[in-house]
Amino acid sequence: MEGLGSDAAAAAAPIDQWRHDVWRLYQHYLDKSTPHSTYRWIGTLVLLIVYVMRVVYVQGFYIVSYGLGIYILNLMIGFLSPLVDPELDPSEGPMLPTKGSDEFKPFIRRLPEFKFWHSITTAFLIAFLMTFFSMFDVPVFWPILLFYWLVLFIMTMRRQIAHMIKYKYIPFSIGKQKYGGKKFSASSSGSRGD
């Protein structure tokens with residue numbers, strides 16, 4: 001009887017090793033894509049176009065698209081909101097200046113850009129795979145879902161945009177800020193007398 005357990009463990013070991021190798025390869029390519037944000041977003045846009053073409057071609061899976069839209073809305077809220085909300089707890093954490101005399105403290109997102117991209121790409125991929133299973137093709141009247149999603153989007157983003165305006169936060173910046181060297185003005189360009 002003891003031989004059966006060891007045979008099963010020996011048979012499972014190559015499968016576990018293969019899964020581990022595939023996971024490491026995935027992590028390797030994910031890490032290599034980290035600095036290339038423009039190309040990552042272009043790839044996600046291509047995946048979005050493929051998903052939309054699939055939904056239009058099949059003329060179904062509107063409930064999957066609605067769920068995908070709600071999930072992306074939730075991700076956008078996390079991406080556009082601060083880790084520590086200054087309205088709820090103004091004494092702790094980073095804040096943006098609200099007056100010219102305030103000191104600048106860095107803004108930290110609740111959901112960083114890389115995790116935002118990864119979650120959206122994974123969601124599009126899962127939604128695309130769901131379109132191949134007929135049990136997810138629930139008959140619904142899609143204009144109602146679209147209208148409800150638009151109302152939800154407008155109500156949520158209105159609050160988020162008002163919050164961004166109040167705390168002078170611009171969430172979309174590509175890449176790091178670079179030091180361009182000293183800027184010399186006309187008054188400081190004169191020579192010094194030693």
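You will find Thr 131 in the loop between α4 and α5. Leaving aside residues up to four places away in sequence, its contacts are Tyr 51, Arg 54, Val 55 and Phe 61. Keep in mind, as you look around, that this is a predicted model.

Now step back to the whole chain. The protein has five helices and zero strands, so the order of elements from the N terminus reads α-α-α-α-α. Of its 194 residues, 23% are buried. Among contacts with a separation of 6 or more, 84% link residues 24 or more positions apart.

Several α3 residues are buried, including Val 64, Tyr 66, Leu 68, Gly 69, Ile 72 and Leu 73. What covers them? The cover of the buried α3 residues includes α2 (37-58), α4 (113-130) and α5 (142-166).

Two packed helices are described by the angle between their axes and the distance between the axes. For α3 and α5, the angle is about 0 degrees and the axes lie 11 Å apart. The two helices are therefore roughly parallel to each other, since angles under 35 degrees count that way. On the α3 side, the contact involves residues including Tyr 62, Ile 63, Tyr 66, Gly 69 and Leu 73, while α5 contributes, among them, Trp 142, Leu 145, Tyr 148, Trp 149 and Phe 153. By class, the residues of this contact are 16 nonpolar, three polar and no charged.

The other pair to visit is α2 and α4. Their axes come within 10 Å and cross at roughly 25 degrees, which makes α2 roughly parallel to α4. The crossing of α2 past α4 is left-handed. Residues of α2 in this contact include Ser 37, Arg 40, Trp 41, Tyr 51 and Arg 54, and their partners in α4 include Glu 113, Phe 114, Trp 117, Phe 124 and Phe 128. Here the residues divide into 13 nonpolar, three polar and three charged.

Conventions
Residues numbered from 1 in each chain as written. Predicted model: local features only at pLDDT ≥ 70, side-chain atom pairs only at ≥ 80, totals over all residues. Heavy atoms only, no water. Buried < 20%, exposed > 50% of the residue type's maximum accessible area, 1.4 Å probe, protein only. Helix = DSSP H or I, 4+ residues; strand = E, 2+ residues; numbered from the N terminus. Contact = heavy atoms within 4.5 Å. Axes fitted to C-alpha atoms, helices over the stretch in contact; angles between N-to-C directions. Parallel < 35°, antiparallel > 145°, perpendicular 65-115°, else oblique. Left-handed = near helix turned anticlockwise from the far one by under 90°. Nonpolar A, V, L, I, M, F, W, Y, C, P; charged D, E, K, R; others polar.
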